[in-house]
Amino acid sequence: MKVRKANKMDMPQVLELIKELAVFENEPDAVEISVEVLETNGFGENPLFTCFVAEIDNVVVGAALIYYRFSTWKGRTLHLEDLIVKEEHRGKGIGEALYTEVMKFAYNQGLKRVAWDVLDWNTGAIRFYERSGANIMKEWRVVHMDEKGLKAFIEK
């Protein structure tokens, strides 16, 4: 298994991983992006995200997608949007290898924090994150305003 920075040609396989994650998270119809959106937004002059992939025999079996954020308390930080491993490859250390790559990236960039969300029922991931030294912020709630909500808010 090899972990490396993703390239544009990896995006079809990354999109398949994203779709697999949506099924795992019980949101199979939630993915609206396309390969073209990933290619346009992840590569070029001002990429909006960085992606690492794990591959076995030149097949992408996992991915971690990250992007920079700014904290009024910490300055430049990193957000781990998704860490995905194909179901048949879970439990083999691939997720940990991708996670380690993200943490090394943040550390080498001199960042003060890496943040991400985890579903409360994903106990395996929660245990892994706690073992790694991450702090699960139980008092905080994730807040989203979706497209429908945006429209309703602006139009009222």
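**View 1. Salt bridge between aspartate 10 and arginine 4.** The side chains of aspartate 10 and arginine 4 meet in a salt bridge at 2.7 Å, N to O (a side-chain nitrogen of Lys or Arg within 4 Å of a carboxyl oxygen of Asp or Glu). Aspartate 10 is buried, at 5% relative accessible area, and arginine 4 is buried at 17% (buried means under 20% relative accessible area, exposed over 50%, partly exposed in between, with a 1.4 Å probe and protein chains only). The model is predicted: local features need pLDDT of at least 70 and side-chain atom pairs count only at pLDDT 80 or more, while totals for chains, interfaces and linings use all residues. Residues are numbered from 1 along each chain as its sequence is written, and side-chain values use heavy atoms, with hydrogens and water left out.

**View 2. Salt bridge between glutamate 55 and lysine 2.** The closest N and O atoms of glutamate 55 and lysine 2 are 3.8 Å apart. Glutamate 55 lies in strand β2 (residues 50–56) and lysine 2 in strand β1 (residues 2–5), so the pair ties together parts that are 53 residues apart in sequence. Helices (H or I, at least four residues) and strands (E, at least two) are DSSP runs, numbered from the N terminus. Glutamate 55 is buried at 9% relative accessibility, whereas lysine 2 is partly exposed at 45%. Lys2, Arg4, Asp10 and Glu55 are linked in a network of salt bridges.

View 3. Strand β3 (residues 59–71) runs antiparallel to β2, joined to it by seven bridges (two strands pair if DSSP finds at least two bridges between them). Cysteine 51 has leucine 65 in β3 as its bridge partner. Two residues separate β2 and β3 in their hairpin, and aspartate 57 in the turn has a positive phi of about 50°. Ten bridges join β3 to the antiparallel strand β4 (residues 75–85), with histidine 79 in β4 as the bridge partner of tyrosine 67. The hairpin of β3 and β4 has three residues between the strands.

View 4. Glutamate 155 and lysine 151 form a salt bridge, with the closest N and O atoms 2.9 Å apart. Both residues lie in helix α5, four residues apart, about one turn of the helix. Glutamate 155 and lysine 151 are exposed. Phenylalanine 153 is also found in helix α5 (residues 147–155) and is partly exposed, at 49% relative accessibility.
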